[in-house]
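Colleague: Could we go through this model together? I would like to start with the rings and then move on to other topics.

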Amino acid sequence: MPKLPLPDAFLEFLRENGLDPLIYTAADSIPRYIRLKEGSEADLEEIEAEVECKLEKVVWLDGFYGLPPYIKIAKSRAYREGKLYGMDAASGAAVSAMNLSVGDHVLDLCAAPGAKLCMILDILGNSGSVTGVDVARHRLAACRTLVQKYAIGDRCRLFVADGTTFSLVPTRPQLNSGSISQSERNDESALEQRSETFREWTCRRPWKERKRAAKVMASADSELVPRNEHPELIFYGRHSGIVGLSRSELYPSVCNGEVSLSGYDKVKLHFSFVLVDAECTHDGSIRHVQKFENWGWATLQRRVLDAERTDSLTNLQLHDFFTQLEVFLLQLKLLTNGFRLLKVGGSLVYSTCSLTVAQNEDVVEQFLKENAFAGRVLYALKCNI
């Protein structure tokens, strides 16, 4: 049993949703999971010797292994060298459900902290592209750190943006983007326009970009995503389609009538994919909820239900606990916008870390009522890890 009682407000939330509070006593019996980076299976015995335990292969999820919850991997050499990821099997299942193939262009609409995005990039390899979006800059910065650590960001771009309104489409790599022709050298207007194009990404950004980013950060005190601002691009790989573009080329928005022609698609307009791992109350992250025995249950309200971030997206007044209706509306907006950016014939996966019907089946049911042309039923993947 928990050392401290669950807060009354959280218990009421569980009762309203028909969830048994006793499930939060099972954290010690739930294994943790890791995903081996492709090509690291040959080092399995060496990894097992280093962490001093036998890794149990997850037969229904390629590349995943279970290990006892008390095993620490952060200090292992395999982790430091980027051979393995700490990742829940449920998160891996959401990515696996997309059934990705080489050459796909994928939108991860709620990308932070980045485990799923990294898995997508590993699957695609040196093809396609992945666009990651998240409303919280500090969380997306952690995602950027992961992408750089595992050296898989060549076809990735990351935007700080509101997932309910994000509307940028994939871009194609620009030919000869790094060179300046003699005619451009003789044309001052061409040189000025060229200076506004994106060069290869570096953490040492030009002064103009730093000034623009400082403006964005200054407005972040009142809002997670500043209104009337373009999404903030905080990372892009060499072959992500950004290098060589001007800002005006990068930031044209998608109109509803254009989506079927310019959505997240393959070069030959085959299948495309959008992942909406939506903001939620996180009640299904049992191990995470258990951590509040050490952190203090008083912080559960802010750190699990996370009212401030959700209300910032939905323009609602802050209060102690946001209602399920507010969460429902946010999730429905995320799902609807993800579908808007999906090309005809593409697939969308909707998932949450909530066990509630209200945040899963009910959201999908309402979405299907409003989008009868969706083509087939979408199933919400629930996380109980």
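**Rings, cysteines and cavities**

Modeller: Lys149 lies over the face of Tyr79, 3.4 Å from the ring centre. Please keep in mind that this is a predicted model.

Colleague: Which charged end sits over the ring of Tyr85?

Modeller: That is the charged end of Arg35, which is 4.0 Å from the centre of the Tyr85 ring.

Colleague: And rings with rings: how many aromatic pairs does a search of the whole structure find?

Modeller: The search finds eight aromatic pairs. One of them is formed by Phe198 and Tyr236, and this pair is edge-to-face.

Colleague: What are the numbers for Phe198 and Tyr236?

Modeller: A pair of aromatic rings is described by the distance of the centres and the angle of the planes. For Phe198 and Tyr236, the distance is 5.8 Å centre to centre, with 80° between the planes. An angle over 60 degrees counts as edge-to-face.

Colleague: Where do Phe198 and Tyr236 lie?

Modeller: Phe198 is in the loop between α8 (188-195) and α9 (207-218), while Tyr236 belongs to strand β8 (residues 232-236). The pair therefore ties together parts that are 38 residues apart in sequence.

Colleague: Is Phe198 buried or exposed? And Tyr236, buried or exposed?

Modeller: Phe198 is buried, as its relative accessible area is 7%. Tyr236 is buried as well, with a value of 6%.

Colleague: Which residues form an aromatic cluster?

Modeller: Phe10, Phe13 and Tyr24 form one such cluster.

Colleague: New topic: how many disulfides are there?

Modeller: A search of the whole structure finds zero disulfides. A disulfide is a covalent bond between the sulfur atoms of two cysteines.

Colleague: What about Cys53, buried or exposed?

Modeller: Cys53 counts as buried, at 14% relative accessibility.

Colleague: Last topic: how many cavities of 30 Å³ or more are found?

Modeller: The search of the whole structure finds four. The second largest cavity holds about 50 Å³ of space.

Colleague: What lines the second largest cavity?

Modeller: Its lining has 10 residues, and those nearest its centre are Leu109, Cys110, Val135, Gly163 and Leu334. By class, the lining of this second largest cavity has seven nonpolar, one polar and two charged residues.

Definitions and conventions: Residues are numbered from 1 along each chain as its sequence is written. This is a predicted model: local features need pLDDT of at least 70, side-chain atom pairs count only at pLDDT 80 or more; totals for chains, interfaces and linings use all residues. Side-chain values use heavy atoms; hydrogens and water are left out. On a 1 Å grid over the protein atoms alone, a cavity is a set of points where a 1.4 Å probe fits but cannot get out, and a pocket is an open set with protein on both sides within 12 Å along at least five of seven lines; lining residues have an atom within 4 Å of a point. Grid points are joined across faces, edges and corners, and a volume is the space filled by probe spheres set on the points. Ala, Val, Leu, Ile, Met, Phe, Trp, Tyr, Cys and Pro count as nonpolar, Asp, Glu, Lys and Arg as charged, and the others, Gly among them, as polar. Rings of Phe, Tyr and Trp (its six-membered ring) pair if their centres lie within 6.5 Å; planes under 30 degrees apart count as stacked, over 60 as edge-to-face and the rest as tilted. Helices (H or I, at least four residues) and strands (E, at least two) are DSSP runs, numbered from the N terminus. Buried means under 20% relative accessible area, exposed over 50%, partly exposed in between (1.4 Å probe, protein chains only). A charge sits over a ring if NZ of Lys or CZ of Arg is within 6 Å of the ring centre and within 35 degrees of the ring normal. A disulfide is a pair of cysteine sulfur atoms within 2.5 Å.
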